[in-house]
Amino acid sequence: MRVIVMGAGIMGVSTAWFLLNEGHEVTVIDRQRDAALETSFANGAQISVSFCEPWANAGAPLKILKWLMRDDSPLLFRPHWDVHQWRWGLSFLAQCNTPAFERNVAQLVALGRYSHETLKNLVATTGIEYHRLERGILHFFSTPEGFKAEVKAAEIMARHGVVRQVLSTEQVLSVEPALRPFADRMFGGIYTPSDESGDACAFTQALARHCEIRGAKFLYGRNIVSLEAKDQALVSVTVRDELPGQRQVVRGDAFVAALGSFTAPLLRPLGIRLNIYPAKGYSATLRLKRPETASMVSMIDDDRKIAISRLGDHVRIAGTAEMAGYDTSLNSPTARVRCAALVNRYEELFPGVADTSEPHFWAGLRPSTPSNIPYIGRSRLGNLWINAGHGTLGWTHGAGSGRALAELISGHKPNLAFCFMGH
Ligand SMILES: Cc1cc2nc3c(=O)[nH]c(=O)nc-3n(C[C@H](O)[C@H](O)[C@H](O)COP(=O)(O)OP(=O)(O)OC[C@H]3O[C@@H](n4cnc5c(N)ncnc54)[C@H](O)[C@@H]3O)c2cc1C
């Protein structure tokens with residue numbers, strides 16, 4: 001079958017790889033000049049199978065209400081006159097209860113495990129290098145209340161088979177000695193040794209090259225402007241070439257929409273309504289001045305809800321979420337506050353370790369669903385498949401989502417307990 005994959009982020013590229021494995025002819029289209037230049041570019045770098053709770057839980061509405069007025073809050077909801085934003089917000093509230101939480105966690109854990117296995121096999125097969133560190137993820141706490149709440153969360157996750165080690169501050173320091181300067185302000189930690197970290201962009205770009213070697217065609221610099229359907233099937237995709245400004249029609253037997261946050265608006269004219277809304281997040285990447293004293297274990301600073309991951313001789317600090325539309329600019333007052341907060345916190349935790357004078361700031365749009373469950377499967381147009389809406393966990397779930405969708409397209413049932421769209 002000739003399959004057209006729309007989007008060359010982690011979802012599109014991993015789907016392309018597994019479609020090639022299934023013997024299909026693959027063309028990938030993206031508006032950027034290379035793979036992984038939008039949301040998969042500079043994320044928190046964590047393969048976080050064991051820390052996968054959805055945002056929506058019984059306590060979330062009160063917490064978010066308290067954060068509403070703070071520019072530096074971890075989750076910021078900026079109401080717009082946008083029916084899609086309000087629809088998303090109301091659906092999110094409907095997920096804020098314990099039965100929905102338990103249901104969603106079970107699916108996220110299943111997808112996470114499947115994806116982790118898939119990623120390991122993929123790395124073993126291809127030998128891709130992406131600053132991978134198999135050292136687990138360590139959450140550390142600055143308040144006893146925060147620690148207590150997460151110990152409770154660890155008990156809940158244990159029911160789903162997720163192993164989290166509860167650590168004293170001394171034990172935290174033996175896992176990650178680089179945290180010693182912060183020890184007197186720390187109240188324990190939670191450690192998941194089986195998690196890992198690595199550069200999603202480096203991985204995705206390398207995988208795209210491997211796909212090309214195996215015969216996939218990549219049409220970069222092509223902006224998809226419309227999708228043409230006939231008789232309950234998608235027939236073609238119209239793209240505009242950014243340079244000469246020409247239009248081109250790309251035809252295929254099957255199509256995959258893996259366009260991150262832009263999947264929902266692009267499919268809307270076809271009557272396909274996906275509840276995906278962008279949650280803007282930021283990262284700062286700093287060069288390490290003293291790499292020998294910098295952390296190696298990927299971490300979450302629970303107080304600030306930020307991820308800190310070592311990537312070779314750099315460190316990435318990422319986090320915060322803003323539900324405020326599709327803007328990725330870095331120069332608004334809120335963006336400036338948020339970017340500065342990432343660097344300042346790193347310096348507070350690890351004084352003098354990184355060069356904070358030339359941070360590389362970035363913002364990306366997490367393609368978020370109210371339940372955190374992505375759309376993977378078939379749309380109501382029989383030959384249009386979807387792999388989008390992975391929110392905070394797209395890097396973690398990338399390899400597995402790509403494999404599962406390629407299996408579905410090829411008529412096989414993926415071996416995991418997950419509610420696939422249209423199945
Ligand atoms: C601050 C931050 C930190 C994060 N940290 C982590 C983490 O630690 N672990 C984790 O698992 N996940 C993390 N994530 C989430 C993860 O990065 C995303 O879920 C994932 O990158 C989404 O991948 P995607 O392929 O769906 O989207 P994208 O990477 O955005 O890919 C979509 C592609 O579609 C293309 N496209 C869109 N519209 C068009 C169009 N009209 N025409 C042509 N091409 C188009 C884009 O150019 C893009 O390449 C983080 C996200 C953010 C923002």
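Which residues is Ser142 in contact with, leaving aside its neighbours within four places in sequence? They are Phe182, Arg185, Phe187, Asp301, Asp303 and Arg345, where contact means heavy atoms within 4.5 Å.

## Basis of the model

This is a predicted model, in which local features need pLDDT of at least 70, side-chain atom pairs count only at pLDDT 80 or more, and totals for chains, interfaces and linings use all residues. Residues are numbered from 1 along each chain as its sequence is written, and side-chain values use heavy atoms, with hydrogens and water left out.

Ser142 sits in the loop between strand E5 (137-140) and helix H5. Helices (H or I, at least four residues) and strands (E, at least two) are DSSP runs, numbered from the N terminus. Ser142 counts as buried because its relative accessibility is 18%; buried means under 20% relative accessible area, exposed over 50%, and partly exposed in between (1.4 Å probe, protein chains only). The side chain of Ser142 also makes a polar contact with the side chain of Arg345, at 3.3 Å. A polar contact is a pair of N or O atoms within 3.5 Å; within protein, one must be able to donate a hydrogen and the other to accept it, and residues adjacent in sequence count only if both atoms are side-chain atoms.

His160 is placed in the loop between helix H5 (144-158) and strand E6 (165-167). With 19% relative accessibility, His160 counts as buried. Not counting residues up to four places away in sequence, His160 touches Glu102, Val105, Ala106, Val109 and Arg113. Glu102 is 58 residues from His160 in sequence, and their C-alpha atoms are 8.8 Å apart in space.

## Helix H7

Helix H7 covers residues 200-213, and at 1.5 Å a residue its 14 residues should span 20 Å; the end C-alpha atoms are 20 Å apart, which agrees. The expected span is 1.5 Å times one less than the number of residues. At the N-terminal end, Asp199 caps H7, with a side-chain oxygen 3.0 Å from the backbone nitrogen of Cys201. Just after H7, Gly215 takes a positive phi of about 110 degrees.

The buried residues of H7 are Ala200, Cys201, Phe203, Thr204, Gln205, Leu207, Ala208 and Cys211. Their cover includes helix H1 (10-21), helix H4 (98-126), strand E9 (217-219) and helix H10 (394-409).

## How H1 packs

H1 and H7 pack at an angle of about 30 degrees, with their axes 9 Å apart. Axes are lines fitted to C-alpha atoms, for helices over the stretch in contact, and angles run from 0 to 180 degrees between N-to-C directions. H1 and H7 are therefore roughly parallel to each other; angles under 35 degrees count as roughly parallel, over 145 as roughly antiparallel, 65 to 115 as roughly perpendicular and the rest as oblique. The contact is made by Ile10, Val13, Ser14, Ala16, Trp17 and Leu20 of H1 and Phe203, Thr204, Leu207, Ala208, His210 and Cys211 of H7.

The axes of H1 and H10 come within 8 Å and cross at roughly 40 degrees. That makes H1 oblique to H10. Residues in this contact include Ile10, Met11 and Phe18 of H1 and Trp395, His397 and Arg403 of H10.

## Positive phi in two loops

His131 has a positive phi of about 55 degrees although it is not a glycine. His131 is in the loop between H4 and E5, and is partly exposed, with a relative accessible area of 45%.

Asn372, also not a glycine, has a positive phi near 70 degrees. Asn372 lies in the loop between strand E18 (354-368) and strand E19 (375-378), and at 8% relative accessibility counts as buried.
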